[in-house]
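Grab the sequence and the 3D view, and let's work through a few exercises together. Try each one yourself before you read the solution.

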Amino acid sequence: MPAARPSYFPALAAERPDIALCRASAAVAKAGEAHAAATELGVGQHLVLKMLDAVGDCAQQTLAAELRIDRSVMVTVCDDLERSGHIRRERNPKDRRSYAVTITAAGRARLRTAEVAIPGFLAGAFAALTPEERVQLTTLLGKLLGTEGASE
């Protein structure tokens, strides 16, 4: 017997965009984790390498705040990246209570390899949307996150 077509959730999602956004986010996160497992670079690890490559050395606390990753999770992410030789952590000379994090040459090479697979992942994860709808979604999410116009 084929599974019954859902009938309640579409109405709920239309009534409660918060629920729809949470479920969509969970689905994209699950796809992201599967992609990360296939590329052997976790989502958080990828984001840390990407930010360090883009902005240069910074404090571990800054990475956590900017990437919106819990500080305790960031410690684990940085531990793993340091163990693999992708980053280097040293006491911050400006504030000995914090760590300055630096991407290594190996980290840059690993990031370049991981970046090659991102367009394919995004195309699959957002296949239900047209390119215009993806731009619109990105704009709307930027508004919700308070980041629209931040990179301009």
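A word on the ground rules. This is a predicted model, where local features need pLDDT of at least 70 and side-chain atom pairs count only at pLDDT 80 or more, while totals for chains, interfaces and linings use all residues. Residues are numbered from 1 along each chain as its sequence is written, and side-chain values use heavy atoms, with hydrogens and water left out.

**Exercise 1. Find the largest pocket and describe its lining.**

Step 1: know what you're looking for. On a 1 Å grid over the protein atoms alone, a pocket is an open set of points where a 1.4 Å probe fits, with protein on both sides within 12 Å along at least five of seven lines; lining residues have an atom within 4 Å of a point.

Step 2: get the volume, which is about 2000 Å³. That's the space filled by probe spheres set on the points, with grid points joined across faces, edges and corners.

Step 3: look at the lining. It takes in 44 residues, and Leu47, Leu122, Phe126, Leu141 and Leu145 lie nearest the centre. Helix 2 (17-39) is among the elements that give two or more residues, and it gives the most, with eleven. Helices here are DSSP runs (H or I, at least four residues) and strands are too (E, at least two), numbered from the N terminus.

Step 4: sort by class. You get 28 nonpolar, eleven polar and five charged residues. Ala, Val, Leu, Ile, Met, Phe, Trp, Tyr, Cys and Pro count as nonpolar, Asp, Glu, Lys and Arg as charged, and the others, Gly among them, as polar.

**Exercise 2. Check the phi angles of glutamate 40 and arginine 68.**

Step 1: recall that most residues other than glycine have a negative phi.

Step 2: take glutamate 40, whose phi is positive at about 60°. This residue sits in the loop between helix 2 and helix 3. Its relative accessibility is 69%, so glutamate 40 counts as exposed (buried means under 20% relative accessible area, exposed over 50%, partly exposed in between, with a 1.4 Å probe and protein chains only).

Step 3: turn to arginine 68, with a positive phi near 55°. Look for arginine 68 in the loop between helix 4 and helix 5. Because its relative accessibility is 56%, arginine 68 counts as exposed.

**Exercise 3. Which residues make the nonpolar surface patch of about 370 Å²?**

Step 1: pick them out: Leu21, Leu141, Leu144 and Leu145. Helix 7 supplies the largest share, three residues.

Step 2: zoom in on leucine 141, which lies in helix 7. At 30% relative accessibility, leucine 141 is partly exposed.

**Exercise 4. How many salt bridges does the whole structure have, and what do some of them look like?**

Step 1: a search finds seven. The test is a side-chain nitrogen of Lys or Arg within 4 Å of a carboxyl oxygen of Asp or Glu.

Step 2: start with arginine 16 and aspartate 18, whose N to O distance is 2.6 Å. Arginine 16 is partly exposed at 34%, and aspartate 18 is partly exposed at 37%.

Step 3: next, arginine 89 pairs with aspartate 79 at 2.4 Å. The pair links strand 2 (residues 87-92) to helix 5, with the partners ten residues apart. Arginine 89 is buried at 15%, whereas aspartate 79 is partly exposed at 29%.

Step 4: finish with arginine 88 and glutamate 90, whose closest N and O atoms are 3.5 Å apart. Elsewhere, shared partners join Asp79, Glu82 and Arg89 into one network.

Key
Patch = residues over 30% accessible without salt bridge, like charges linked within 9 Å, V, L, I, M, F, W, Y side chains within 5 Å. Areas by Shrake-Rupley, 256 points an atom, 1.4 Å probe, with all protein chains shown as cover.
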